[in-house]
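Visitor: I am new to this structure. Could you show me how to read it, one feature at a time?

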Amino acid sequence: MLNLCVHTLMIDRFKEYMLLELNRSRHTVEAYTRDITQFAEWIGGWNMETVTTADMRAWLSSLATSDSALTLRRKAQSLRAFFRWLLMQGIVNHNPAADLILAKAPKRLPEFVKEQEIEQIIAGCDYSDFKQHRAHMVMLMLYSTGIRQEELRTLTDNDIDFSLQEAKVTGKRAKQRVVPLPPQLLEEIAKWQKARDSQYPSLPSPRPLIAGPNGAISKKSMYDIVRNTLSSSTATRKSPHILRHTFATTMLNDGASLDSVKEFLGHASLSTTQIYTHLSFSELKKSYSAAHPRSKKIPPE
């Protein structure tokens, strides 16, 4: 029992370090904690002083058939961060994770929902059906603003300013940004708020925009809403994040600047946003190949 308490305290202190000193998001802290716990279970205990780089490589190799390169990369980063902290605390006298080579992250273009499909899906709402109305609001907010699933899930009525036509969004690492809301979307929000308050009159304050009977809906509930609503689309991935990709791609294809899309998405670096320019250019090439006569091979006479 004593060992369990010591290890729990160690993890709690590491989580506090990640949150307060490194300013990592709670999602990242939870993922790193799971990785470290999984590694400790694999080596058979929490005696980190005897851990070697070979142990870490063996653990990562054992996961190679089940985990993606991206996941393996994160697990290696988790070990690096944890052992760096252990060294700072004097719990270990060397950092075996420093020699770990990170798995190369695959470069994949983000997928998106075709504009015609997403517009048809959003247009087909039965406002008399509460669950369908809520699904409509989820889809509309994600597609119209490009905010993340968690940003929408934690958005409250207090964050929406109808007079200024904007919303205050809290993103990763508690960074806040302001997202403009067009009049048509504000009308939809007001209509939804009336339906929500009628269905759930006793919601706690501040009221979450997308609510269930006891407050903000869960991450799983929001994911299921999007997945089910996109079931008729041709998109291979049907998740809330694909609507963020769809927003960014649509904006760039219709002439928005890279800087403005960066601000909308809340990216810290322009390089993160630039992946959508490759996607847009890919679509341009497809359009050119399909429409311009000089893009086709001229048959021999």
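Guide: Start with one residue. W42 lies in helix α2. Bear in mind that the model is predicted.

Visitor: Is W42 buried, partly exposed or exposed?

Guide: The relative accessible area decides. Buried means under 20%, exposed means over 50%, and partly exposed is in between. W42 has a relative accessible area of 41%, so W42 is partly exposed.

Visitor: Which residues is W42 in contact with, leaving aside its neighbours within four places in sequence?

Guide: W42 is in contact with D55, A58, W59 and S62. Now take a distance. From C-alpha to C-alpha, W42 and M56 are 10.0 Å apart in space. In sequence, they are 14 residues apart.

Visitor: How are two packed helices described?

Guide: By two values: the angle between their axes and the distance between the axes. Take α2, residues 26-43, and α3. Their axes cross at roughly 105° and come within 11 Å. Angles of 65 to 115 degrees count as roughly perpendicular. That makes α2 roughly perpendicular to α3.

Visitor: Which residues meet where α2 and α3 touch?

Guide: From α2 come D35, Q38, F39 and W42. From α3 come D55, M56, A58, W59 and S62. By class, this contact of α2 with α3 has five nonpolar, two polar and two charged residues.

Visitor: At what angle do α3 and α4 pack?

Guide: The angle is about 155°, and the axes of α3 (residues 53-62) and α4 are 10 Å apart. Angles over 145 degrees count as roughly antiparallel. Therefore α3 and α4 are roughly antiparallel to each other. The crossing in which α3 passes α4 is right-handed.

Visitor: Which residues of α3 and α4 meet?

Guide: M56, W59 and L60 are on the α3 side. L72, K75, A76, L79 and F83 are on the α4 side. Seven residues of the contact of α3 with α4 are nonpolar, none is polar and one is charged.

Visitor: Where is the place of S78?

Guide: S78 sits in helix α4, which covers residues 69-89. The relative accessible area of S78 is 0%, so S78 is buried. Not counting residues up to four places away in sequence, S78 touches Y32, D35 and I36.

Visitor: Which residues of α6 and α10 meet?

Guide: M139, L142, Y143, S144 and T145 belong to α6. P240, L243, T246, F247 and T250 belong to α10. The residues of the contact of α6 with α10 divide into six nonpolar, four polar and no charged.

Visitor: Now the backbone. Where does a cis peptide bond join two residues?

Guide: Read omega. The cis bond joins S205 and P206, with omega about -5°. P206 lies in the loop between α8 (183-199) and β4 (211-212).

Visitor: Which residue has a positive phi although it is not a glycine?

Guide: N23 is one of them, with phi about 60°. N23 lies in the loop between α1 (2-21) and α2. Its relative accessible area is 36%, so N23 is partly exposed. Q165 is another residue other than glycine with a positive phi, near 60°. Q165 lies in the loop between β1 (160-161) and β2 (166-170). Q165 counts as partly exposed, at 36% relative accessibility.

Visitor: To step back, how many helices and strands are in the chain?

Guide: The chain has 13 helices and five strands. Of its 301 residues, 39% count as buried. Its accessible surface comes to about 17400 Å², and 52% of that belongs to carbon and sulfur atoms. Among contacts with a separation of 6 or more, 55% come from residues 24 or more positions apart.

How values were computed. Residues numbered from 1 in each chain as written. Predicted model: local features only at pLDDT ≥ 70, side-chain atom pairs only at ≥ 80, totals over all residues. Heavy atoms only, no water. Helix = DSSP H or I, 4+ residues; strand = E, 2+ residues; numbered from the N terminus. Buried < 20%, exposed > 50% of the residue type's maximum accessible area, 1.4 Å probe, protein only. Contact = heavy atoms within 4.5 Å. Areas by Shrake-Rupley, 256 points an atom, 1.4 Å probe, with all protein chains shown as cover. Axes fitted to C-alpha atoms, helices over the stretch in contact; angles between N-to-C directions. Parallel < 35°, antiparallel > 145°, perpendicular 65-115°, else oblique. Left-handed = near helix turned anticlockwise from the far one by under 90°. Nonpolar A, V, L, I, M, F, W, Y, C, P; charged D, E, K, R; others polar.
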